[in-house]
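Me: I am new to this structure and would like to go through it slowly, asking at each step what a term rests on. Please set each value against its definition before you conclude anything.

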Amino acid sequence: MPIDAARAIAAEPRSAEISWDHKDVLLYHLGIGAGVPATDPDELRYTLESRLHVLPSFATVAGAGMGVVGGLSAPGIDIDLAAVLHGGQSVTLHRPVPSGGRVTSTSRVAAVYDKGKAAVLVLRSEAADGNGPLWTSDAQIFVRGEGGFGGERGPSVGPGQPDRAPDRTVERPVREDQALLYRLSGDWNPLHADPEFAKLAGFDRPILHGLCTYGMALKAIVDTLLGGDVTRVRSYGTRFAGVVFPGETLRIRMWAGEGRVEAAVTAVERDDAPVLADTVVEHA
């Protein structure tokens with residue numbers, strides 16, 4: 001059996017020391033579209049080291065660690081990477097992410113679900129320093145063709161967007177070179193840069209990293225509804241519902257609630273094709 005769920009979950013966690021500094025944070029923020037307009041005080045908090053605030057989504061690239069790839073090599077996991085899809089991502093903050101740090105990152109397979117025609121792996125990474133836990137990040141990975149092993153089905157997808165008009169809607173352009181810049185934060189998959197490779201994967205041109213869209217959406221929510229205060233974010237999760245192409249425009253619809261913002265992200269030029277769904281920011 002390519003996936004031995006019991007063995008994967010029982011395996012010893014893997015630990016590694018990772019570090020970052022303000023240059024890594026600045027590069028990440030530029031990669032998700034910060035800095036436009038360049039002299040806007042609201043943008044300078046993402047792009048000027050003397051004012052630097054760190055978006056919590058930076059946790060997905062801190063230390064340039066590719067936790068998803070590492071998790072797929074865990075004991076009990078033997079799969080074809082061509083069958084893998086990044087289905088969702090979440091991060092829970094225990095403290096605000098500092099602009100520089102050195103932490104111990106511990107990764108493990110937290111769950112394996114049987115969806116029938118596919119398996120879903122939950123790959124969990126926990127970061128801690130001398131002051132205690134910093135963040136917990138979960139990647140939900142769909143593996144096509146690996147279901148049907150009789151395991152727990154796991155949670156279903158979320159309820160979808162609220163049945164009312166959004167409280168706020170904003171649009172964010174994706175630059176033509178955005179994927180080329182974002183990949184410098186650690187995801188070197190040629191799918192996001194090489195047109196020939198993209199064609200082999202079934203796309204007519206390179207696509208944007210899902211985690212880049214993830215960061216762009218969080219920045220829009222923080223800037224629009226949380227007064228630009230990144231420290232108010234307690235957790236952030238989404239489901240990847242579709243691709244984005246560089247040069248497109250993201251439409252981000254937001255519904256505000258008590259301590260909670262729900263959002264939906266679509267691609268404007270493709271008739272509002274879904275991009276991110278079941279998106280929730282819990283906040284103080």
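Me: How do you know that the second largest pocket lies between domain 1 and domain 2?
Reply: This is a predicted model, and in it domain 1 (5-144) and domain 2 (168-283) both give residues to the lining of the second largest pocket, so the pocket lies between them. About 670 Å³ of space lies in this pocket, and its lining is made up of 30 residues, with Q140, P155, S156, T238 and R239 lying nearest its centre. Two or more lining residues come from each of β2 (84-93), β3 (101-114), β4 (118-129), β5 (132-144), β7 (233-240) and β10 (273-283), and it is β2 that gives the most, with 6 residues.

Me: What makes α7 a helix that is largely enclosed by the rest of the structure?
Reply: A residue is called buried when its relative accessible area is under 20%, and 13 of the 16 residues of α7 are buried, so the helix is largely enclosed by the rest of the structure.

Me: Which residues does the record call "MaoC-like"?
Reply: According to the unreviewed UniProt entry, the annotation "domain: MaoC-like" covers residues 161-267. Over that stretch the chain is 25% helix and 29% strand, and the end C-alpha atoms are 16 Å apart.

Me: Why is E12 called exposed?
Reply: Exposed means a relative accessible area over 50%, and E12 has 68%, so E12 is exposed. E12 sits in the loop between α1 (5-10) and β1 (14-20), and its C-alpha atom is 22 Å from that of A64, which is 52 residues away in sequence.

Me: Why does K23 count as exposed?
Reply: The cut-off is again over 50%, and because K23 has a relative accessibility of 52%, K23 counts as exposed. K23 is found in helix α2, and although 194 residues along the chain separate K23 from A217, their C-alpha atoms are 22 Å apart.

Me: What makes the phi of D271 and the phi of D278 worth noting?
Reply: Most residues other than glycine have a negative phi. D271, however, has a positive phi of about 55° although it is not a glycine, and D278 likewise has a positive phi, of about 50°, without being a glycine. D271 is placed in the loop between β9 (260-267) and β10, whereas D278 is placed in strand β10 itself.

Me: Are D271 and D278 buried, partly exposed or exposed, and which values decide this?
Reply: With a relative accessible area of 75%, D271 is over the 50% cut-off and is therefore exposed. D278 has 21%, which falls between the 20% and 50% cut-offs, so D278 is partly exposed.

Me: Why is the peptide bond from V36 to P37 called cis?
Reply: Most peptide bonds are trans. The bond from V36 to P37 is cis, with omega near -5°, and P37 lies in the loop between α2 (22-31) and α3 (41-47).

Key. Residues are numbered from 1 along each chain as its sequence is written. This is a predicted model: local features need pLDDT of at least 70, side-chain atom pairs count only at pLDDT 80 or more; totals for chains, interfaces and linings use all residues. Side-chain values use heavy atoms; hydrogens and water are left out. On a 1 Å grid over the protein atoms alone, a cavity is a set of points where a 1.4 Å probe fits but cannot get out, and a pocket is an open set with protein on both sides within 12 Å along at least five of seven lines; lining residues have an atom within 4 Å of a point. Grid points are joined across faces, edges and corners, and a volume is the space filled by probe spheres set on the points. Helices (H or I, at least four residues) and strands (E, at least two) are DSSP runs, numbered from the N terminus. Domain bounds come from an automatic or database domain assignment. UniProt positions are given in the numbering used here, feature names are shortened, and annotations may be inferred rather than shown by experiment. Buried means under 20% relative accessible area, exposed over 50%, partly exposed in between (1.4 Å probe, protein chains only).
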